[in-house]
Amino acid sequence: SGVSALFKASMDDEEEQGATTAVPSWSKLTPEAAQAQKQAEALMAEDPSVFQYDEVLDDMKEEMGLETGPEKIRAEALTQKKRVGLHVPEGAQEVKTGTKRSAKYIEKVMLATDRRRVEQQIVEDRLLKKEKE
């Protein structure tokens with residue numbers, strides 16, 4: 001009964017202080033952020049597409065016939081490889097298209113595993129030989 005009265009008193013104090021909202025102080029808008037939000041809402045009311053930069057730029061580039069986004073980056077990478085003379089490993093096209101996935105280090109891992117098995121077998125054989133003697 002005493003604990004519940006303590007909580008009730010604490011809750012009454014909070015209500016008197018005006019702490020009715022459970023929003024932390026760090027999540028409240030600063031005056032600058034509130035002003036920026038009002039400006040953004042006003043701009044959106046005037047023109048709903050005001051913040052659609054990427055879509056507008058893509059449309060403009062398509063109208064001019066320019067490459068957009070990932071296609072341009074891919075083309076630049078290929079021309080750089082040709083210019084610099086980087087080696088493209090055999091089977092890279094299958095990996096790039098996703099038809100074949102290559103494991104980079106599996107051969108080394110398998111070799112190390114086999115080596116450890118042989119070493120473990122040698123150790124076990126030596127222990128058995130010692131036990132017989």
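**Entry 1: the salt bridge**

I started with arginine 117 and aspartate 114, whose side chains meet in a salt bridge at 3.2 Å, N to O. The term stands for a side-chain nitrogen of Lys or Arg within 4 Å of a carboxyl oxygen of Asp or Glu. This is a predicted model, where local features need pLDDT of at least 70, side-chain atom pairs count only at pLDDT 80 or more, and totals for chains, interfaces and linings use all residues. Residues are numbered from 1 along each chain as its sequence is written, and side-chain values use heavy atoms, with hydrogens and water left out.

How many salt bridges does the structure hold? I found 1. Both partners lie in helix H6, 3 residues apart, about one turn of the helix. Helices here are DSSP runs (H or I, at least four residues), strands are runs of E with at least two, and numbering goes from the N terminus.

Is arginine 117 buried or exposed? Arginine 117 counts as exposed because its relative accessibility is 56%. Aspartate 114 is partly exposed, at 38%. My cut-offs: buried is under 20% relative accessible area, exposed is over 50%, and partly exposed is in between (1.4 Å probe, protein chains only).

**Entry 2: the whole chain**

I counted 6 helices and 0 strands in the protein chain. Of its 133 residues, 1% count as buried. The accessible surface comes to about 12,800 Å², with 57% of that belonging to carbon and sulfur atoms. Those areas come from the Shrake-Rupley method with a 1.4 Å probe, and for residues only the protein chains shown count as cover.

Next I checked pLDDT, the predictor's confidence in each residue, from 0 to 100. The chain mean is 76, and 62% of residues reach 70 or more. Confidence is highest in helix H6 (residues 106-132), at 93, and lowest in H4, at a mean of 63. Where pLDDT is low, the predicted coordinates should not be read in detail.

**Entry 3: two patches**

Which residues gather in a patch of negative charge on the surface? I listed Asp54, Glu55, Asp58, Asp59, Glu62 and Glu63. Aspartate 54 sits in helix H3 and is exposed, at 56% relative accessible area.

I also noted a nonpolar surface patch of about 470 Å², made by Val56, Leu57, Met60, Met64 and Leu66. Leucine 66 is in the loop between helix H3 (53-64) and helix H4 (69-84), and it is partly exposed, at 48%.

For patches, residues need over 30% relative accessible area and no salt bridge; like charges are joined within 9 Å, and nonpolar side chains (Val, Leu, Ile, Met, Phe, Trp, Tyr) within 5 Å. Asp and Glu count as negative, Lys and Arg as positive, and His and the chain ends are not counted. A charge is placed at NZ of Lys, CZ of Arg, CG of Asp or CD of Glu.

**Entry 4: alanine 40**

Last, I looked up alanine 40, in helix H2 (residues 31-46). Alanine 40 is partly exposed, at 27%. From valine 50 it is 10 residues apart in sequence and 9.1 Å apart in space, C-alpha to C-alpha.
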